[in-house]
Amino acid sequence: MTKTVLRNLAGGPATRRYPAVPARTSSLTRGHIVFDPATCRSCSLCVKRCPCEAIRLDKEAKVWEIDRMRCIACGDCVEGCPFGSLTMEQSYHPPVTEHVVERYTITYVKPERPAKKPAEESTKEEGVGESA
């Protein structure tokens with residue numbers, strides 16, 4: 001037991017003193033969620049996939065919210081987003097003392113389909129009449 005005590009005293013702390021000493025990162029580090037409001041289509045799959053209910057979506061007001069204090073950075077919302085609106089960055093947010101919910105206004109505009117040409121519509125109608 002004396003050997004273990006001496007090793008612990010001489011070895012120093014087992015943890016780092018974050019934020020004074022930066023945390024180590026690797027390719028598998030999960031830092032924080034980044035949202036791109038220009039590609040979000042309000043499908044709400046991220047809300048359904050979030051296990052800690054940190055993400056909220058108001059479809060009528062087009063507002064997407066994330067509560068960073070509730071988010072556990074599991075990455076389920078990133079995996080579930082079919083449009084690539086959510087990504088996981090490896091850097092961490094600095095420590096905070098106030099509870100702030102980040103709000104984003106969704107700016108995605110659905111592209112308009114080109115109008116059908118009158119010639120195409122008349123050919124389709126003639127083709128339907130001939131087969132009957």
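In what order do the three strands of the open sheet stand? The order is 2-3-5, with antiparallel pairing. The model is predicted: local features need pLDDT of at least 70 and side-chain atom pairs pLDDT 80 or more, while totals for chains, interfaces and linings use all residues. Residues are numbered from 1 along each chain as its sequence is written, and side-chain values use heavy atoms, without hydrogens and water.

**View A. The open sheet of three strands.** Strands are DSSP runs of E with at least two residues, helices runs of H or I with at least four, numbered from the N terminus; two strands pair if DSSP finds at least two bridges between them. Strand 2 (55–58) and strand 5 (101–105) are at the edges with a single partner strand each, so one side of each lacks a neighbour in the sheet. Strand 3 (residues 63–67) and strand 5 run antiparallel, joined by five bridges.

**View B. The salt-bridge network of Arg56, Glu65 and Arg103.** A salt bridge places a side-chain nitrogen of Lys or Arg within 4 Å of a carboxyl oxygen of Asp or Glu. Arg56 and Glu65 meet at 2.7 Å, N to O. Glu65 is buried at 13% relative accessible area (buried is under 20%, exposed over 50%, partly exposed in between; 1.4 Å probe, protein chains only). Arg103 in strand 5 is also the bridge partner of Glu65.

**View C. The salt bridge between Arg49 and Glu79.** The closest N and O atoms are 3.8 Å apart. The pair links helix 2 (residues 45–49) to helix 3 (residues 76–80), 30 residues apart. Arg49 is partly exposed at 37%, and Glu79 is exposed at 61%.
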